[in-house]
Amino acid sequence: MQELAAILARHATDNVISTSVPGLTLYHFSRRQSASMPLIYTPMVCVMAQGEKHVALGNRIFRYAANDYLISSLDLPVTGTILRSSEKHPYLSFSLAIEQVALSEMVLNLPALSAAEPACALAIGKVDAPLYDAFLRLVRLLDEPAMIATLAPLITREIFYRLLRGQHGSMLRQPFADSGRTAQIANAIRWIRSHFDEPFSSETLAEAVHMSIPSLNRHFRAVTAMSPLQYQKHIRLQEARRLLIAEGQDAATAAFNVGYASPSQFSREYVRAFGAPPRADAERLRYAPVSAVA
């Protein structure tokens with residue numbers, strides 16, 4: 001991972017850097033985090049070149065370090081903590097967004113999956129030599145910007161294909177199985193994301209995705225490590241935090257806009273999620289913003 005770490009250190013100063021390679025984001029942190037930071041992981045693959053990180057999804061814990069990759073196949077609310085980072089040996093990683101259209105096209109050309117119970121939509125894998133070579137070639141394009149438009153799409157497709165054929169390929173493919181339970185849970189997640197600020201019942205969600213309530217609850221928890229209502233709460237709190245910090249809304253307004261009827265309940269749940277009351281948390285982050293770290 002030495003060459004990969006050197007390229008990341010050269011192109012990422014500190015914090016989070018978007019690049020001219022579509023979907024590629026670099027991360028460079030020279031300090032260990034003192035607290036877990038709530039994030040939303042969209043479908044993506046994250047590769048660690050240097051450092052170590054702890055990610056919590058519901059009651060499940062994932063740790064990954066150099067030579068590991070973390071892959072997410074659905075939108076998942078998580079909390080992440082950098083465990084190992086220093087000025088001399090900073091945390092260095094990158095994420096590559098997974099293009100759903102490209103992935104679905106590839107899935108059509110692969111053998112059909114056998115029926116299986118839904119798996120958790122977050123996983124850790126080892127970067128083998130062929131996958132590392134593809135990641136390295138993609139990141140090397142940062143030193144050859146004139147080559148990005150031509151080569152980046154080809155290398156990105158190779159990475160997606162290798163992931164589909166790799167250790168967690170079946171997990172990555174499950175949301176695209178038309179008759180599969182994971183595809184129904186993916187629809188449930190999209191429904192909640194679109195209606196997060198509205199009250200809903202298990203009956204309403206189950207009807208929307210054509211599942212029984214027991215099946216919905218069981219498979220939703222298997223995929224996301226939380227219940228649908230817990231998922232909605234995480235999404236509400238993340239959006240409220242964005243409104244507080246980016247738009248300067250007060251706590252009561254933000255609470256109302258994300259669907260809370262009780263400001264006091266909102267404040268209690270906000271403190272449990274972020275470790276500080278809404279106003280204090282927003283003021284702290286307004287002057288020292290915290291970015292998502294892959």
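Predicted model: local features only at pLDDT ≥ 70, side-chain atom pairs only at ≥ 80, totals over all residues.
Residues are numbered from 1 along each chain as its sequence is written, and side-chain values use heavy atoms, with hydrogens and water left out.

**View 1**
Helix α8 spans residues 213-224; helices (H or I, at least four residues) and strands (E, at least two) are DSSP runs, numbered from the N terminus. Its twelve residues reach 16 Å from the first C-alpha to the last, close to the 16 Å expected at 1.5 Å a residue, where the expected span is 1.5 Å times one less than the number of residues. S215, L216, H219, F220, V223 and T224 are buried in α8, where buried means under 20% relative accessible area, exposed over 50%, and partly exposed in between (1.4 Å probe, protein chains only).

At the start of α8, a side-chain oxygen of S212 comes to within 3.2 Å of the backbone nitrogen of S215. A polar contact is a pair of N or O atoms within 3.5 Å; within protein, one must be able to donate a hydrogen and the other to accept it, and residues adjacent in sequence count only if both atoms are side-chain atoms. Past the other end, A225 is found in the loop between α8 and α9, and A225 has a positive phi of about 65° although it is not a glycine. Most residues other than glycine have a negative phi. A225 counts as buried because its relative accessible area is 9%, and, leaving aside neighbours within four places in sequence, A225 is in contact with L57, G58, N59, R60 and F220.

**View 1. The loop residue N67.**
N67 is found in the loop between β6 (60-65) and β7 (68-72). The phi of N67 is near 80°, a positive value in a residue other than glycine. With a relative accessible area of 40%, N67 is partly exposed.

**View 2. Helix α2, buried and exposed residues.**
In helix α2, which covers residues 100-108, the buried residues are A102, L103, M106 and V107. They cover an arc of only 135° around the axis, and therefore sit on the same side of α2. V101 and L108, on the other side of α2, are exposed. The buried residues of α2 pack against α4 (148-164) and α5 (169-173).

**View 3. Aromatic rings.**
Rings of Phe, Tyr and Trp (its six-membered ring) pair if their centres lie within 6.5 Å, and planes under 30 degrees apart count as stacked, over 60 as edge-to-face and the rest as tilted. By this rule the count comes to six aromatic pairs. The pair of W191 and F200 is edge-to-face because the ring centres are 5.5 Å apart and the planes stand at 80°. W191 counts as buried at 19% relative accessibility, and F200 counts as buried at 14%. Y260, F266, Y270 and F274 form one aromatic cluster. The charged end of R236 sits over the ring of Y260, 5.5 Å from its centre; a charge sits over a ring if NZ of Lys or CZ of Arg is within 6 Å of the ring centre and within 35 degrees of the ring normal.

Q50 has its place in strand β4 (residues 44-50) and counts as partly exposed, at 22% relative accessibility. Not counting residues up to four places away in sequence, Q50 touches A5, H89, P90, Y91 and L92. A polar atom of the Q50 side chain lies 2.8 Å from the backbone oxygen of P90. S30 lies in the loop between β2 (24-29) and β3 (37-41) and counts as buried, at 11% relative accessibility. Leaving aside neighbours within four places in sequence, the contacts of S30 are with D14, S85, S86, E87 and P90.

How values were computed: Arc of directions from axis to C-beta. Contact = heavy atoms within 4.5 Å.
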